[in-house]
Amino acid sequence: MVESAWVRAGIRIASVVTVAFLYLPLIILAIMAFSPSPLLVWPPTGISFRWVVEAAANSALHRAVINSFLAAIGATGIALVLGTLASFAVQRFAFFGRQTVSFLLVLPIALPGVVTGISLQTTFRTVGIDLGLMTIIVGHATFCVVIVYNNVIARLRRMPRSAEEASADLGADTFVTFRRITLPAMRTALLAGALLAFALSLDEVIVTLFTAGPGTQTIPMWIFTAIQRPTQLPVVNVVALLLLLLSVIPVYVAQRISGGEAAGVAR
Amino acid sequence: MRTLRIPALMVVLGLVAAACASPAPSGMLEQLGEGEGELNLIIWPGYAERGEIVEAFDWVTPFEDETGCIVNTTAMTDSNNGVSLMQSGEYDGISASGDATTRLIQGGVVAPVNTALLPNYEDVFEGLKGLPHNTVDGVPYGVPHGRGPNLLVWNTDAVTAPPTTWDVVWEGGGDYEGQISVYDSSIYIADAALHLMATQPDLGIQNPYQLSEEQFAAAIDLLEAQRDNGAQYWGTYTDQITSFTAGDVVVGTTWQFQVNLLQGDGTVSVDATLPEEGSTGWSDTWMIAAEAANPNCMYMWMNHMMSAEANGMATVFFGEAPTSPQACEFAETLSSGHCELTHATDEAYYDQIWYWSTPQEDCADDDDATTCVTQDDWVDAWTTLRGA
Amino acid sequence: MTTEAPVLPTATPTRGRRFATWLYAYPGAQLRLLLGGPLGWMALVYFGSLFVLLLSAFWAKDAFTGLVVPFDWSLAAFEALLGNEVYRTIAVRTIGIAALVTVTDAIIAFPIAYYMARLASPRLRALLVVAVLMPLWAAYLVKIYAWRTILQGNGPADWLLGFFGLPGPGLDALTNSWLVFSYLWLPYMILPIYAGLERIPNSLLEASADLGARAGMTFRRIVLPLVFPALVAGSIFTFSLTLGDYIVPDLVSDAKFIGNVIYDNSNLGNPPLAAAYALLPIAIMVVYLAVARRLGAFESL
């Protein structure tokens with residue numbers, strides 16, 4: 001141990017406070033989900049499960065869930081393909097502008113969402129493309145690419161090429177080698193990237209608000225409109241709590257398969 | 001003789017036909033067809049309810065069941081938002097207030113309405129037909145939904161003496177510093193102008209929406225003083241409701257809608273009134289997009305919203321005046337005295353209400369000499385006021 | 001490794017195999033095929049739309065109807081921006097809060113990241129990583145509304161501050177935005193710093209202690225320089241996310257940010273102005289990213 005006892009104690013206390021800080025609003029959220037009042041009254045006057053019942057019966061919410069999942073699957077699929085292609089190109093080849101590729105790929109996520117949203121919306125409208133589920137998928141895929149890219153390239157850097165070379169020596173062509181050797185070795189990186197991209201797409205609201213048509217709603221959009229209607233506020237809390245509890249599993253799984261590589265978990 | 005009779009008959013018939021068929025203004029729907037199955041609307045919050053807030057108040061589901069047009073709604077925050085959304089071309093219709101209608105008509109974004117296709121139109125109060133903000137040369141560009149004033153609301157526990165003038169949110173707001181709730185839209189400048197009409201008559205303001213540079217500057221000064229007194233701006237009605245409930249604000253400008261919801265909830269005790277100087281208000285019109293993807297559904301909706309049940313329900317729910325005697329009758333069954341309360345047939349009452357209108361450079365009058373501050377300048381000034 | 005039947009070369013090579021051989025002979029083509037998809041997508045969808053945005057800043061708006069006329073060139077939007085000093089005020093305010101949030105998050109993130117990287121047992125570490133990641137899965141809008149409940153009148157914040165005799169924050173304070181932003185982006189700062197700290201070999205710190213350096217000096221001279229790229233990587237997100245956000249300022253404060261101007265104008269009928277103003281955060285972030293890349297942040301993403 002390098003650190004003095006004082007320093008260690010101080011760090012421990014700070015960590016506890018930080019975790020408490022992180023979870024404070026979530027605890028408030030959980031409390032308000034069961035508050036009987038339709039308005040955000042503090043402190044809550046009792047416990048009620050009526051919002052859970054209403055959430056289960058809300059058909060707009062069901063449609064939003066389906067749309068969200070469709071959009072997330074579509075975006076993740078596109079991101080997986082494009083991200084993997086790009087990471088192979090950058091990691092395996094030396095070419096002019098190699099450094100720029102990661103820079104370009106990170107831009108959609110590094111530039112503010114409102115900018116991406118407004119530029120996509122202006123373009124779609126000027127070109128005459130109708131806003132709908134497809135435009136949402138296009139928007140989401142664009143900033144999900146870099147997540148898959150980061151995960152895959154981190155893995156590629158650590159993968160020895162000896163196995164692939166051996167495979168080639170034994171007569172397998174590029175595609176067979178890819179299918180039988182490379183892909184299985186990359187599986188966990190792809191899975192981690194896909195999970196993160198999926199999560200990001202599910203929770204994204206700003207770009208989605210700009211690229212969705214009038215009849216299409218994703219879960220965050222449903223939350224956004226429901227939150228503006230007084231009696232839907234607590235239903236929103238219930239939905240959010242449920243999403244949070246359900247997400248423990250994939251987060252834990254993603255953490256396990258990423259092993260120690262906390263890097264590449266950006267966003 | 002026989003050989004001449006038939007051509008003569010044709011000529012006569014042709015002339016008669018030409019005389020009867022008046023050329024329809026371009027874009028007007030000629031015939032009502034089958035519903036397209038979908039309807040995309042821009043609405044004021046509370047204008048298209050499906051029983052989510054109060055179960056009995058649902059006038060959308062019956063419409064969907066009857067016509068098969070599934071209704072999707074987007075709520076606008078203010079008229080500028082509504083105009084912008086309508087301009088995107090993705091919506092079939094909008095419940096536009098008077099400060100949106102003019103821009104939409106001028107921009108060719110909305111189409112004239114063929115009232116012959118709307119059986120319920122003849123029931124509408126005569127006083128609501130042919131109004132300048134939604135009619136051009138006698139051709140209607142929409143059907144009325146309802147009208148109402150902007151009210152002064154206060155928390156009866158915090159504000160013990162019921163206010164009777166708008167003073168309490170302007171010069172008299174010192175007691176309630178940081179607790180005043182006002183509408184976050186450029187149209188609110190008119191409320192400042194309205195107050196100046198009463199307190200500074202030598203400014204000569206005739207119409208709170210058509211202001212000279214000097215009158216406009218005075219209104220902005222008043223708004224800046226209000227802002228510096230800690231005014232809280234509500235963009236969506238839930239903002240105002242949660243602020244009142246939490247005790248963050250105790251007095252402000254509102255719609256009857258919020259008053260109804262707050263009184264229904266009961267956590268805080270509020271009351272509202274129309275102050276003695278009068279107030280701004282709105283008269284809303286359902287308009288159809290010129291490029292509507294679902295015009296038949298939109299016409300069915302417009303007809304539906306003029307029916308006794310739908311209009312009665314909608315106007316009781318929001319707290320505005322119904323548009324026909326039949327709607328009034330139905331409204332009475334839901335809320336006794338509703339028509340009296342909202343002065344549905346009292347045109348004199350509405351003489352003191354300044355409906356939201358669009359500020360225009362030519363001051364919307366016949367006097368060529370006067371120029372007024374434009375809509376764009378209003379929005380700019382509001383951005384500056386809020387952003388500083 | 002799978003245990004399927006081995007793929008033996010046949011007498012007549014399949015089309016796939018012939019293509020693979022051709023690719024092998026022309027690595028340039030292989031590269032172009034690999035890059036074509038992603039870069040093509042980025043060029044068409046992303047940069048194409050950014051270009052349209054840039055163009056739209058120069059489009060005129062009909063004075064009365066408010067309809068934007070595409071390809072009708074005008075400098076009106078830029079004149080409006082430069083002529084009104086409120087836009088400068090808003091820009092300065094946004095950049096200031098973004099910087100403040102970044103610094104705040106860096107300070108808060110460091111202890112817990114250090115704990116996770118160096119002091120916690122492997123099981124506790126995995127648990128903490130999950131614990132830090134979890135709030136990211138709570139819907140962003142809902143977290144903001146939870147903070148509204150905390151900060152509003154007669155809420156928990158009021159009650160807590162009341163103990164110290166201080167007035168509650170209310171829902172219009174600028175500090176509310178700083179607080180909520182710091183909360184929202186904290187995990188994005190913790191994780192890269194954690195990764196960066198993890199990479200520092202223990203031997204370095206021990207050597208520093210052996211040579212007589214106290215904790216403070218070790219921190220300043222060894223740890224900080226080594227973890228700096230990770231810090232910059234985290235800061236990209238805290239800064240950029242604050243720079244463009246409009247929902248937080250809308251809901252918990254009354255002060256307008258750059259994001260508000262862009263959103264309001266695109267929604268209230270002045271898209272060219274929104275587009276013109278959007279060029280500002282784009283320019284800022286491009287510069288920021290270029291600097292960050294120099295400082296090695298991209299390796300720590």
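Arg92(A) is buried, with a relative accessible area of 17%; here buried means under 20% relative accessible area, exposed over 50%, and partly exposed in between (1.4 Å probe, protein chains only). This is a predicted model, where local features need pLDDT of at least 70, side-chain atom pairs count only at pLDDT 80 or more, and totals for chains, interfaces and linings use all residues. Side-chain values use heavy atoms, with hydrogens and water left out, residues are numbered from 1 along each chain as its sequence is written, and chains are lettered from A and ligands numbered from 1 in the order in which they are written.

What does Arg92(A) meet in a salt bridge? The partner is Glu164(A), at 3.1 Å from N to O. This pair links distant parts of the chain, with Glu164(A) in helix H7 (residues 162-169) of chain A and Arg92(A) in helix H3 (residues 59-92) of chain A, 72 residues apart. For a salt bridge, a side-chain nitrogen of Lys or Arg has to be within 4 Å of a carboxyl oxygen of Asp or Glu. Helices are DSSP runs of H or I with at least four residues, strands are runs of E with at least two, and both are numbered from the N terminus. Glu164(A) is buried too, with a relative accessible area of 10%. Arg161(A) joins in as well: Arg92(A), Arg161(A) and Glu164(A) are linked in a network of salt bridges.

Then there's Glu54(A), which forms a salt bridge with Arg50(A), the closest N and O atoms being 3.9 Å apart. Both lie in helix H2 (residues 50-57) of chain A, 4 residues apart, about one turn of the helix. Glu54(A) is partly exposed at 29% relative accessible area, and Arg50(A) is partly exposed at 39%. Over in chain B, Glu126(B) and Lys129(B) meet in a salt bridge at 3.3 Å, N to O, and Glu126(B) is exposed, with a relative accessible area of 58%. Over all chains, the search of the whole structure finds 14 salt bridges.

As for chain A overall, its secondary structure comes to 12 helices and 0 strands. Its C-alpha atoms fill a box of roughly 70 × 65 × 30 Å along the principal axes, and 59% of its 267 residues count as buried.

| Pair | S to S | Torsion about S-S | Hand |
|---|---|---|---|
| Cys69(B) and Cys297(B) | 2.0 Å | -85° | left-handed |
| Cys328(B) and Cys339(B) | 1.7 Å | about -105° | left-handed |
| Cys363(B) and Cys372(B) | 2.0 Å | 105° | right-handed |

With the bonded cysteines of chain B numbered in sequence order, the pairing reads 1-2, 3-4, 5-6.

A disulfide joins Cys69(B) to Cys297(B). Cys69(B) lies in the loop between helix H2 (61-67) and strand S2 (70-75) of chain B and Cys297(B) in helix H9 (residues 295-305) of chain B, so the pair ties together parts that are 228 residues apart in sequence. Cys69(B) is buried at 0% relative accessible area, and Cys297(B) is buried at 0%.

Cys328(B) and Cys339(B) also form a disulfide. Cys328(B) sits in helix H11 (residues 325-334) of chain B and Cys339(B) in helix H12 (residues 338-341) of chain B, so this pair ties together parts that are 11 residues apart in sequence. Cys328(B) is buried at 9% and Cys339(B) is buried at 12%. Cys363(B) and Cys372(B) are buried as well.

**Surface patches**

Glu213(B), Glu361(B), Asp362(B), Asp365(B), Asp366(B), Asp367(B), Asp368(B) and Asp377(B) gather in a patch of negative charge on the surface. Patches are made of residues with over 30% relative accessible area and no salt bridge, joining like charges within 9 Å and nonpolar side chains (Val, Leu, Ile, Met, Phe, Trp, Tyr) within 5 Å. Lys and Arg count as positive and Asp and Glu as negative, while His and the chain ends are not counted; the place of a charge is NZ of Lys, CZ of Arg, CG of Asp or CD of Glu. Glu213(B) is found in helix H6 (residues 213-228) of chain B and is exposed, with a relative accessible area of 60%.

A nonpolar surface patch of about 520 Å² is made by Phe175(A), Phe19(C), Trp22(C), Tyr26(C) and Leu33(C). Accessible areas come from the Shrake-Rupley method with a 1.4 Å probe, and for residues only the protein chains shown count as cover. Tyr26(C) has its place in the loop between helix H1 (15-25) and helix H2 (27-56) of chain C, and counts as partly exposed at 47% relative accessibility.

Definitions and conventions
Disulfide = S-S within 2.5 Å.
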